[in-house]
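Reader: I have the model open and would like to go through the terms used to describe it. Could you take my questions one at a time?

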Number of protein chains: 2
Amino acid sequence: MHRTQTRHVTVEEHRESVRRLLAPLRTPDRMERLPLLAALGRGLAADVVAPLDLPPFANSQMDGFAIRSADVAGLPGGGSELHVVAPVPAGAAPAELAPGTAAPIMTGAMMPPGADAVVPIEQAVPAVFPAPGVPATVRLPAVPARNFVRDAGSDIRTGELALAAGTFLGPGQLGLLAALGFTDVPVYRALRILLVTTGDEVVEPGSPLGPGKIYDSNATLLESSMRQAGLHVTRTGISTDRPEALAALLRRHAADVDLIVTTGGVSKGAYEVVRQAMEGHDVDFFGVAMQPGGPQGIGTFDGVPVLGFPGNPVSCLVSFEMFLRPALGDLFGCPAPRPAVRARLAEALTSPAGKHQVRRGTVLPNGTVRLEGGAGSHLVSALAHSNALIQVPEGIAALAEGAEVEVWML
Amino acid sequence: MHRTQTRHVTVEEHRESVRRLLAPLRTPDRMERLPLLAALGRGLAADVVAPLDLPPFANSQMDGFAIRSADVAGLPGGGSELHVVAPVPAGAAPAELAPGTAAPIMTGAMMPPGADAVVPIEQAVPAVFPAPGVPATVRLPAVPARNFVRDAGSDIRTGELALAAGTFLGPGQLGLLAALGFTDVPVYRALRILLVTTGDEVVEPGSPLGPGKIYDSNATLLESSMRQAGLHVTRTGISTDRPEALAALLRRHAADVDLIVTTGGVSKGAYEVVRQAMEGHDVDFFGVAMQPGGPQGIGTFDGVPVLGFPGNPVSCLVSFEMFLRPALGDLFGCPAPRPAVRARLAEALTSPAGKHQVRRGTVLPNGTVRLEGGAGSHLVSALAHSNALIQVPEGIAALAEGAEVEVWML
């Protein structure tokens, strides 16, 4: 049924609706195992528990001498003269360290049994390693037990949760999995999206631009956003403003995708092609208390989840960033959430009553954020010169220069 | 020649050295034209000037009525009753608006010649569009000229610089290029990197882990970082600690790559395979005043630029983020710089004398940053739970809880 409520919902309510719409897609058959590198930028589909300690064994944090700390104790300010024994290179399993001796040891090398501390080479006299095989002694200062020793398990212990299901797999996370000995990892498959831009006024870039026409930037803006977010995108080209043509197009593709995203045709004008094409399907159209990006559609078309974004490019991007991206990250661990940080406004702004405003801006290294362009949802050049979305919650009518705001880094 | 200076250089000096090392790679034959979507995540190789105005024509910012503002002036608080004429849908070239009339107009539709303002439908009485073809009037309030009109060129004008060479091409930038009618764009080709991890102590994930051995996480950590940064990576597998084997491996691959990156074997220990393999080549090894990641190598091997990163995983990542990534972004527009923001320390920290310290942390939405793990460069689990690098400049020995720091979002 085509509902015609004009109710207003909050940003948080609509984000939760989008999450609920997509939650049924998180099924076991949407998981796969991938080699670590192929899993870059995907979401972890199951908890990973550490199968070993990291570090796996106590090792030296410095190039220096492995010693028994008791051998250098007791001489305040003095230290001791120790016999230098065979060096311990990284990667070797060393013999037990005899009392009264010091073993040259390299960073990362296993502590010899019996040794409990390391003296960095810079603190030794002489401050050089003797040539191997030549009898030598070295004078070392008193150091406490565990000096410059990395204990086994001091980073993570066997059996501890290494990464939780839903974690975004970037370089750091994949590096940890490699350090734990894993070669592959369970991840969620990429969702398949049908992206349909509508509007009799939009034409494909590269075509002649007639009067009243604009080039379609929504498709490029959203497809690239979706690809960056790890989605598989099918683009249909621009649909005309004929509802029956759009409905036929959606029916043709619906079975092959997980989600349909349309742009345009969702507000209260006289020619709202998406609203009209969705007649007879379970799709709601209403206003979200947000500027830009207020008019939104949500529901299912032939059983396939559908989101109707508004038609202006900034509204499209804001809809994606405020609703779809967080829902995907929350459900599938991919994409990663936008980093939310605080910054001080470089200039004052005003915000419409009863709406959550999202402005575009550039966060500067001094901790301020400069507005890029006005509030208008057509300002694609201003958008292209922004690195952040400035969040102005509902109920705030104006903010002064210097006011602290939450910004999402793009 | 193998230089054996022990000079210390600053972080900024070494970053500039890396930039100078790579600058000769920015040659005209390293540019190519790509379709917009294929250029996602690449760097723009030439300035792009706007070939048209955006918006291309004056258009309505709202669904409402296009009018001549003079027709509704002069009645304080009252407005005027105007005859409703044929609607202006988006994408059409409208006829001139006759005096005393109001044309229903949709968001984004071209302003009819003669019209100079828009009254939103919500402010009309009645607040609905009449059925087309039925004679009707509408009562509209007084509004100023240019009310809810988006002027041609108000976002960007023909001939203005749309995007500068070196700009990173994300969704917003590609969206602007599409809006300007472009279908392809000149970008820099991806650099080809040879990545060699060294160390007798490291073994490939998936192999049995003998005593004193650790799994190689550097290769995964760096290859995924480099892929994310748009580089083409060739990985050789782990080199042994035999210098002649490493040198032979480098000679075999050098002609096919733009840059060699090694890990490990660059500090002052007794077994420094990278330093030894570079004997006879123009490579410097020295300390950068940074923790972690101090020991660094830089130069050329058989004429190919080479960077020698230290052997611990956190040191590798910090070396990549502090030196190579900024240099690539600066020279080739790709990757984008890490967003640098300000945050307040959730806990106190100390930093070694005379060094720039880079700590790992999590920036929280309240504007604070929590330390993840200690300063140790082996803490890959702590790294995997971080979303930011905390910058503690040289000369700062301690920072209190609540102190504001610069953080780079990962």
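Author: Gladly, and please keep in mind that this is a predicted model. Let me begin with a pair in chain B: L389(B) stands opposite W408(B) in strand 29 of chain B. That strand covers residues 404–409, and four bridges join strand 27 of chain B to it, with the two running antiparallel.

Reader: Why is strand 27 of chain B called mostly covered?

Author: Four of its five residues, in the stretch 388–392, are buried.

Reader: How do you know that the two copies are related as by a two-fold rotation axis?

Author: Chain A can be laid on chain B by a turn of 180° with a shift of 0.0 Å along the axis, and the RMSD is 0.1 Å. The two copies are thus related as by a two-fold rotation axis. The same surface serves both copies, as 100% of the contact residues of chain A recur in chain B.

Reader: How many residues does the contact take from each chain, and which element of chain A gives the most to it?

Author: The contact takes 88 residues from chain A and 88 residues from chain B. On the side of chain A that touches chain B, the elements giving two or more residues include strand 12 (161–163), helix 4 (218–228), strand 23 (340–345) and helix 8 (380–384) of chain A. Helix 3 of chain A gives the most to that side, with eight residues.

Reader: Which domains is chain A divided into, and what links domain 1 to domain 3?

Author: The division gives domain 1 (2–22 + 190–332), domain 2 (59–150) and domain 3 (340–409). In chain A, 15 residues of domain 1 are in contact with 15 residues of domain 3. Helix 7 of chain A gives the most to the domain 1 side of that contact, with seven residues. The C-alpha centres of domain 1 and domain 3 of chain A lie 24 Å apart.

Reader: Now to the five-stranded sheet of chain A: why are strand 9 and strand 10 said to stand at its edges?

Author: The strands of this open sheet come in the order 9-6-8-7-10, with mixed pairing. Strand 9 (117–120) and strand 10 (137–140) of chain A each have a single partner strand, so one side of each is left without a neighbour in the sheet. The twist averages 40° from one strand to the next. One parallel pairing in chain A joins strand 7 (residues 80–84) to strand 8 (residues 101–105) over two bridges, and H83(A) has T101(A) as its bridge partner there.

Reader: V118(A) lies in strand 9 of chain A. Is V118(A) buried or exposed?

Author: There are 29 other C-beta atoms within 10 Å of V118(A). The cut-off is 20 or more, so V118(A) is buried. Among the residues V118(A) touches are I105(A), F148(A) and F65(A). V118(A) and F65(A) are 53 residues apart along the chain, yet their C-alpha atoms are separated by 5.4 Å.

Reader: Last one: which residues have the most contacts inside the largest nonpolar core?

Author: They are I193(A), V407(A), I193(B) and V407(B), in a core of 187 residues. I193(B), for example, touches residues including M226(B), L231(B), V257(B) and V261(B). In soluble globular proteins, nonpolar side chains tend to be buried together.

Note on methods
Residues numbered from 1 in each chain as written. Chains lettered and ligands numbered in written order. Predicted model: local features only at pLDDT ≥ 70, side-chain atom pairs only at ≥ 80, totals over all residues. Least-squares fit on C-alpha atoms with pLDDT ≥ 70 in both. Contact = placed C-beta atoms within 7 Å. Core = buried A, V, L, I, M, F, W, Y, C linked by C-beta atoms within 7 Å. Buried ≥ 20, exposed ≤ 12 C-beta atoms within 10 Å, placed from the backbone. Pairing = 2+ DSSP bridges. Axes fitted to C-alpha atoms, helices over the stretch in contact; angles between N-to-C directions. Domains from an automatic or database assignment. Lists of a residue's contacts leave out its neighbours within four places in sequence.
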